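User: I would like to learn how to read the features of a model like this one, step by step. Could we begin with a helix and then move on to a sheet and the aromatic rings?

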Amino acid sequence: MSTAPNRRAVAVILLIPLMVTLALWTFAWPAARIAPRDLPVGVAGPASAAQQLEQRFEQRDGAFDVHRFDDEAAARTAIEDRTVYGAVVVTPQGPHLLTASAASPVVSQLLREAVAASAPEGTSPQVTDVVPAPSGDPRGSVLGASMLPLALAGMAAGTVVTLMGLRGVRAALTLVASAALAGVAVTAVAHSWLGAFAGDWWTEAGAITLTVLAIGSAVAGLAALFGPRGIGIGALLMVLLGNSFSGVTSAPQLLPEPVGAIGQWLPPGAGGSLLRSVAFFDGSAAGAAVLTLSLWSLAGLGAVLFARRTPTPAEPAEPAEPAREPALTG
């Protein structure tokens with residue numbers, strides 16, 4: 001009796017708990033270790049008072065990256081440019097906290113608690129939300145929940161293109177067209193229906209298109225290079241690691257190091273940052289995310305266009321050209 005089926009059964013028994021453990025680690029561990037790590041914040045006001053406030057932030061070693069500003073106007077500009085998440089302005093009436101819930105509701109609440117804890121007893125610091133989250137999504141839930149569907153859409157596009165045996169220019173055009181339609185559909189739901197985005201409609205659709213294209217072309221490119229196992233590599237990078245390390249539900253600077261940085265190098269994290277920039281900040285600080293997504297897209301499409309691989313069982317093999325019989329001479 002062959003032992004091959006028994007070996008496969010044992011492999012499945014061992015593989016399932018390993019996969020569950022890996023998924024739990026990638027999703028639960030960063031969430032359980034959320035804390036500020038070099039979180040950019042600002043301080044503005046008279047030099048002596050601002051210096052004291054800056055020292056209070058720096059007492060939490062490694063938690064905050066403090067930026068000094070001359071006045072409240074400069075601090076507001078830095079928040080709108082996504083240089084800092086918030087700023088504390090020292091005034092004769094007490095500290096005035098400037099936040100941006102659109103940048104991260106979690107960070108906004110964290111700064112409120114930190115400033116309230118350091119304020120004199122019996123006083124309540126004034127708080128101004130410089131870039132508030134839209135009324136349709138005050139907690140930023142839609143943006144946070146959107147990355148997994150976008151990752152799955154990209155995965156589906158790359159997988160279907162591979163299994164259907166599409167290659168070359170036809171495969172690349174299919175990936176681009178499916179990403180574009182996904183961008184339009186998601187924007188219609190999130191912006192027009194739910195009111196969760198507040199930026200330019202077509203710019204948001206373009207950001208979503210680029211995100212889905214980066215994921216889909218990366219999966220298809222990996223499959224073109226490594227065959228069916230490339231789809232599994234793509235799922236690991238884009239869904240398991242990319243989505244859980246994206247920081248889109250909190251902020252990259254709140255995740256354990258180097259998880260936050262790694263997440264921004266992967267399409268889901270870069271896509272979340274880009275979409276937040278175009279939806280709420282008029283595209284400020286979008287350059288790095290656009291570059292990351294463009295590089296993933298170009299690399300994946302390049303592999304799809306130029307890589308040669310053995311067809312999968314689901315793909316039709318290209319027929320060989322019949323050999324010609326030599327001409328008879330006589």
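This is a predicted model: local features need pLDDT of at least 70, side-chain atom pairs count only at pLDDT 80 or more; totals for chains, interfaces and linings use all residues.

User: Against which helices do the buried residues of H6 pack?

Analyst: Their packing partners are helix H5 (141-163), helix H7 (201-226) and helix H11 (287-306). As for its geometry, H6 spans residues 168-193, and its 26 residues reach 37 Å from the first C-alpha to the last, close to the 38 Å expected at 1.5 Å a residue. There is a bend of about 25° at Thr187, a residue that also belongs to the buried set of H6, and just after the helix Gly195 takes a positive phi of about 65°.

User: How should I read a sheet, and what is the order of its strands here?

Analyst: In general, the strands of a sheet pair through backbone hydrogen bonds, in either a parallel or an antiparallel manner. Here the open sheet has five strands in the order S2-S1-S3-S4-S5, and its pairing is mixed. On average, neighbouring strands are turned by 25° against each other, direction ignored. Strand S1 (residues 39-44) runs parallel to S2, to which six bridges join it, and Leu39 stands opposite Phe64 in S2.

User: Which strands does helix H2 lie across, and which does helix H4?

Analyst: Helix H2 (residues 47-59) lies across S1, S2 and strand S3 (87-91), running at about 170° to S2. Helix H4 (residues 105-118) lies across S1, S2, S3, strand S4 (94-99) and S5, and its direction is at about 175° to S4.

User: How many aromatic pairs does a search of the whole structure find, and how are they read?

Analyst: The search finds five aromatic pairs. For Phe57 and Phe64 the ring centres are 5.0 Å apart and the planes stand at 70°, so this pair is edge-to-face; Phe57 and Phe64 are both buried. Trp201 and Trp202 also form an edge-to-face pair, with 4.8 Å centre to centre and 70° between the planes, although Trp202 is exposed, at a relative accessible area of 60%. Ring pairs also link Trp25, Trp29 and Phe245 into a cluster.

User: Is Thr26 buried or exposed?

Analyst: Thr26, which is found in helix H1 (residues 4-32), counts as buried because its relative accessibility is 0%. Leaving aside neighbours within four places in sequence, Thr26 is in contact with Leu240, Leu241, Ser244 and Phe245.

Technical notes
Residues are numbered from 1 along each chain as its sequence is written. Side-chain values use heavy atoms; hydrogens and water are left out. Two strands pair if DSSP finds at least two bridges between them. Helices (H or I, at least four residues) and strands (E, at least two) are DSSP runs, numbered from the N terminus. Axes are lines fitted to C-alpha atoms, for helices over the stretch in contact, and angles run from 0 to 180 degrees between N-to-C directions. Contact means heavy atoms within 4.5 Å. The expected span of a helix is 1.5 Å times one less than its number of residues. The bend at a residue is the angle between axes fitted to the seven residues ending there and the seven starting there. Buried means under 20% relative accessible area, exposed over 50%, partly exposed in between (1.4 Å probe, protein chains only). Rings of Phe, Tyr and Trp (its six-membered ring) pair if their centres lie within 6.5 Å; planes under 30 degrees apart count as stacked, over 60 as edge-to-face and the rest as tilted.
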